[in-house]
Amino acid sequence: MGGRVKIALLLAPAVGVIGVLFAGGLGAAFVQSLGYMPAIGMNEWSLDAYRQVLSDGDFLDSLALTLYVSGVSTGLSTVLAVLAALALRRSGGRVSAVVFQLPITIPHLVAAVGIALVVAQTGLGARLAAALGLIGEPGDFPALLYDRYSVGIILTYVWKEVPFIALVVLASLRGVASELEEVARTLGAGAWQRFWYVVFPVISPSVVAASLLVFAFTFGAFEVPYLLGKSYPTMLPVMAYDEYREIDLAARPGAMAINVLIALITGAVAALYLRLAGDLGRRRG
Amino acid sequence: MGARLELENVSHRYGGDAPALEDLSLAVEPGELVALLGPSGCGKTTALKIIAGLLRPSSGDVRVGGRSVVGTAPERREAAMVFQKPLLFPHMSVARNVGFGLRMRKAPRKESESKVHEALRRVRMEGFADRAPEELSGGQQQRVALARALVTDPRLLLLDEPFSALDASLREEMRGLVLRLQREGGHTTVFVTHDQEEAVVLADRIALVFDGRLQMYEEPEAFYDRPATREVARFFGATNFIEGRAGNGSVRTPLGNLRLASAAPPGDVTLTIRPEAVRLEAGENSFDALITSAAYLGTQVHYGLETSGKSLRVALPPHVRLAVGNEVTARLPAESLWALRA
């Protein structure tokens with residue numbers, strides 16, 4: 001019993017911060033999304049904001065764009081990260097430290113600006129391509145910012161998230177996976193057999209875990225699409241922000257409804273992750 | 001049936017450090033069980049990994065069945081290895097684990113199934129085929145690992161301290177199991193251990209390695225009766241060392257002229273005798289001594305003796321009780337004395 005009390009006390013500060021700032025904020029957002037804002041005289045509880053948001057074409061376009069950007073960013077990052085981790089698994093810690101740990105320390109905001117400077121039609125890449133004669137003049141460089149396919153956003157996310165996933169995968173590759181691979185070798189498994197029957201099943205829970213985290217993050221992140229996204233449709237977090245900044249306070253429930261929906265979707269992804277992680281843990285080869 | 005294994009002048013160094021293994025040469029006959037014995041860090045696991053192919057020796061040759069395998073990948077050596085940890089594949093059932101090597105060789109399904117069943121029966125795990133590894137105890141997991149290695153009928157069976165993580169009674173049971181399986185299957189086996197008792201119980205021959213060098217490669221009895229060096233003798237629990245000078249068929253020592261049944265090399269020698277071989281009686285090679293200490297160990301009593309400035313240790317059955325300070329007559333039987341080059 002004494003142990004439990006001690007654990008509870010030690011956890012209290014962290015739980016307190018999470019509880020007040022996160023659950024409290026989310027709770028307040030939820031309450032406002034139901035149209036309950038006594039401060040401005042809105043005392044009626046209703047689902048109007050949700051009804052309105054979900055039937056709004058702008059919202060659905062925005063949702064589709066957000067799913068697309070998060071999905072493609074996550075998929076690309078995962079594939080590239082696994083390949084990078086496999087390539088670097090036998091190298092020393094220093095190489096992977098430089099290649100992987102450096103980008104992680106750089107804020108998303110800075111990364112977005114950096115990517116913009118390189119891939120803009122007036123940027124480094126365009127001028128280099130023009131100087132090399134690949135394109136006639138810098139303006140002929142393909143539009144990768146504020147563009148239909150959100151290439152700039154996806155590039156930023158891939159650049160930032162590949163190292164994150166790769167470090168997680170590397171840890172499991174260098175841990176038990178490499179020992180199991182040695183066992184498999186002495187039992188006659190060739191390189192491809194070892195990857196397919198041993199290494200991949202062993203690392204897949206951590207790959208799935210890391211990529212679901214990336215999906216949830218890119219789904220709810222605001223700064224990169226705000227800087228590099230086109231003006232319509234915008235990704236959901238940007239849309240929620242715009243609604244929030246609306247001078248008319250009556251738009252507030254709509255903004256909060258979008259936030260709650262983002263939270264629900266990322267929450268569903270997290271639940272899926274827990275479910276999958278459990279299944280993968282129990283899976284028979 | 002296992003193959004003959006030969007190591008010839010095998011050396012290995014990791015990076016720029018001192019060699020982990022230096023000039024190791026030994027041959028293991030088909031079906032023989034050899035223990036690679038030594039303190040931790042002596043290079044024995046390095047040697048095993050070189051035999052398995054997981055490490056490439058810096059120099060020297062490894063031959064299996066008369067053919068060099070230095071350039072052969074581990075997966076084509078048919079040298080199955082059991083590690084210190086069971087390392088079962090966590091995503092496969094027990095039966096899938098055991099059948100892994102057969103699947104990699106694309107063995108027919110029916111044949112594989114019966115082999116897996118037979119292997120599980122031999123390690124007494126037949127009821128566990130569909131269990132997940134995490135549901136098994138450490139000892140059960142290691143038995144499955146053993147079955148997984150044996151099911152492919154490897155030319156070499158390599159065991160790297162496979163029982164060191166198990167508790168004492170389980171370890172004893174596993175030793176019996178390995179011995180039985182190895183005899184039945186006739187696998188040429190190399191067993192790495194730091195435990196001299198384990199080596200003595202299991203091995204046909206013991207290769208004792210210190211600091212990457214082979215010290216002695218003989219049957220277990222020889223390490224007690226005819227140790228090659230003082231270090232070897234000490235590793236096997238010898239504590240009595242008497243300096244002397246050999247000549248005229250006996251050795252002149254502070255305890256008097258001692259006769260040996262075996263030949264002593266001429267010149268300065270060190271005599272050794274095991275504590276349990278010392279007799280408290282008069283006769284050849286006897287002298288008077290003082291009892292300086294007594295320690296009761298349950299199955300034995302250890303006495304410290306002192307004479308002419310020399311200390312000796314004697315191990316006697318527990319019913320012999322002598323008091324510290326008593327004078328006794330001690331005898332070193334000629335057939336139990338062994339002369340080492342000083």
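From the N terminus on, chain A runs α-α-α-α-α-α-α-α-α-α-α. That comes to 11 helices and zero strands. Helices here are DSSP runs of H or I with at least four residues, strands are runs of E with at least two, and both are numbered from the N terminus.

A word on the source. This is a predicted model, where local features need pLDDT of at least 70, side-chain atom pairs count only at pLDDT 80 or more, and totals for chains, interfaces and linings use all residues. Residues are numbered from 1 along each chain as its sequence is written, chains are lettered from A and ligands numbered from 1 in the order in which they are written, and side-chain values use heavy atoms, with hydrogens and water left out.

Back to chain A. Its C-alpha trace spans about 75 × 75 × 30 Å along the principal axes. Of its 285 residues, 42% count as buried. Buried means under 20% relative accessible area, exposed means over 50%, and partly exposed is in between (1.4 Å probe, protein chains only).

Look at helix H3 of chain A, residues 57-88. How far apart are its end C-alpha atoms? They are 46 Å apart, which agrees with the 46 Å that 32 residues should span at 1.5 Å a residue. The expected span is 1.5 Å times one less than the number of residues. A:Asp56 caps the N-terminal end of this helix, with a side-chain oxygen 2.9 Å from the backbone nitrogen of A:Asp58.

Next, two single residues. A:Thr156 lies in helix H7 of chain A. Is A:Thr156 buried or exposed? It is buried, at a relative accessible area of 0%. Beyond its neighbours within four places in sequence, A:Thr156 is in contact with residues including A:His108, A:Ile115 and A:Leu228. Contact means heavy atoms within 4.5 Å.

A:Gly27 sits in helix H1, residues 2-33 of chain A. A:Gly27 is partly exposed, at 29%.

Now the interface. 23 residues of chain A are in contact with 30 residues of chain B. The two chains bury about 2200 Å² between them, 61% of it on carbon and sulfur atoms. Buried area is the accessible area (1.4 Å probe) that two parts lose on being put together, summed over both.

How many salt bridges are there between chain A and chain B? Four. A salt bridge is a side-chain nitrogen of Lys or Arg within 4 Å of a carboxyl oxygen of Asp or Glu. One pairs A:Glu182 with B:Lys49, the closest N and O atoms being 3.5 Å apart. On chain A, helices H7 (151-186) and H8 (191-220) each supply at least two residues of the side touching chain B. H7 gives the largest share, eight residues.

Finally, chain B. B:Arg175 and B:Asp195 meet in a salt bridge, 3.4 Å from N to O. B:Arg175 is in helix H6, and B:Asp195 is in the loop between strand E8 (188-193) and helix H7 (196-202) of chain B. At 6% relative accessibility, B:Arg175 counts as buried.

Another salt bridge joins B:Arg230 and B:Glu243, with N and O 3.1 Å apart. B:Arg230 is in helix H9 and B:Glu243 in strand E11, so the pair ties together parts 13 residues apart in sequence. Both ends are partly exposed: B:Arg230 at 29%, B:Glu243 at 37%.

Key. Polar contact = N/O pair within 3.5 Å; in protein donor to acceptor, adjacent residues only side chain to side chain.
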